[in-house]
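Let's take a walk through this protein together, one stop at a time. Keep the structure open while you read.

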Amino acid sequence: MRYPRRVMSTTTIAATASLDLKADMSASSRHRLAIDDLVRGARLWRLAFALGWLDIRLRYRGSMLGPFWLTISTGVMVAALGVLYSTLFKMDISDYLPFLALSQVLWGFLSALVSEGCTTFTEAESVIRSVRMPFSVFAARTLIRNTIVLGHNILVIVVTFAIFSRWPGWEGLMAIPGLLLWIVDALALTLLLGAFCARFRDIQPIVNSVMQIMFFVTPVIWKPEQLGTGMAKLPLNPFFDLLEIVRGPLLGGGALTTTAWLGAIGFSLMLCVVSWAFFTRARGRITFWI
């Protein structure tokens, strides 16, 4: 038994089927997908912590002291530079060494975040290509990894403060809001640098060179008071503002806290706006860039 075949004309097919191709999605769609990425990334914070902890274990695999090797090297450097520069600057070592220890540890954390933020996505190339995962998880992974290292290096600060009896009072709690602002800035920075350096691979050496320059122009190994009248220009340095909102309360100083907070908040707002604008635009292309 044969059934009659139903023949559709070309006109009928064209009328019933349509293919809509778009070169890019709308801005609202990109913002919605970026927000969804952050929300899903926040829900996977346990995974981000596990990945960050795994990075530390793999980095120091086979080592007896693990991250404490970095703590020991930081302590030796602080002791050596403290004796040398307190003599050169003619400052009391009991006042200068706690400042140097705190500044060096905090700067090491900021510098490592900037440097490793450039490789946030490129170092996770195999995972990104094989598993569908929010990109914000990798940004949180970089933050958590460096926070664990910071936790080990805090031992240098504690020992130095104990030797010279320079414990912060209740005003030291004012450093907590500063640390929270650091977390927001770190996530924004890693998303921005991670995506930007995935597209342009020669940006990372430039960033590392800039950080070396900023180390010398930021009061890390020298104190702000040594600039004299030039001290008024320091709030224009964003790294000084970020350091001061955490370092100032822990050292018991609050003369520049308000100015530093205004500068740090202004810098953070600009960083978040730029990071969000670039991430919403580049989020769908990161997989093809790495």
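Start with L54: is this residue buried, exposed or partly exposed? L54 is partly exposed, because its relative accessibility is 42% and that class sits between the cut-offs of 20% and 50%. You'll find L54 in helix 3, which covers residues 45-59. Keep in mind that you're looking at a predicted model, not an experimental one. Now look for R141. It sits 87 residues away from L54 in sequence, yet their C-alpha atoms are 9.8 Å apart in space.

Zoom out for a moment. Of its 290 residues, 42% are buried. Take the contacts between residues at least 6 apart in sequence: 77% of them join residues at least 24 apart.

Helix 2 (residues 27-43) and helix 11 (residues 257-282) have axes that come within 9 Å and cross at roughly 100°. Angles from 65 to 115 degrees count as roughly perpendicular, and that's why these two helices are described that way. Who makes the contact? On the helix 2 side it's R30, H31, A34, I35, D37 and L38, and on the helix 11 side it's W276, F279, T280 and R281.

Time for some charges. Side chains of opposite charge can pair when their charged atoms come close. In the whole structure, a search turns up 11 salt bridges. One of them joins the side chains of E116 and R59, at 3.5 Å from N to O. This pair links distant parts of the chain, since E116 is in helix 5 (residues 93-117) and R59 is in helix 3, 57 residues apart. E116 is buried, because its relative accessible area is 17%, while R59 is partly exposed at 41%.

Another salt bridge brings R145 and E123 together, at 3.2 Å from N to O. R145 belongs to helix 7 and E123 to the loop between helix 5 and helix 6, so this pair ties together parts that are 22 residues apart in sequence. R145 is buried, with a relative accessible area of 2%, whereas E123 is partly exposed at 41%.

Then there's R247 with E244, where the closest N and O atoms are 3.1 Å apart.

Last stop: the surface. Here L65, F68, W69, I72, V76, I154, L155, V158, V159, I163 and W167 form a nonpolar patch, with about 1,000 Å² of accessible area together. Helix 4 (68-88) and helix 7 (135-164) are the elements that give two or more residues to this patch. Which helix gives the largest share? Helix 7 does, with five residues. As for W69, this residue is in helix 4 and is partly exposed, because its relative accessible area is 46%.

Definitions and conventions:
Residues numbered from 1 in each chain as written. Predicted model: local features only at pLDDT ≥ 70, side-chain atom pairs only at ≥ 80, totals over all residues. Heavy atoms only, no water. Patch = residues over 30% accessible without salt bridge, like charges linked within 9 Å, V, L, I, M, F, W, Y side chains within 5 Å. Areas by Shrake-Rupley, 256 points an atom, 1.4 Å probe, with all protein chains shown as cover. Salt bridge = Lys/Arg side-chain N within 4 Å of Asp/Glu carboxyl O. Helix = DSSP H or I, 4+ residues; strand = E, 2+ residues; numbered from the N terminus. Buried < 20%, exposed > 50% of the residue type's maximum accessible area, 1.4 Å probe, protein only. Axes fitted to C-alpha atoms, helices over the stretch in contact; angles between N-to-C directions. Parallel < 35°, antiparallel > 145°, perpendicular 65-115°, else oblique. Contact = heavy atoms within 4.5 Å.
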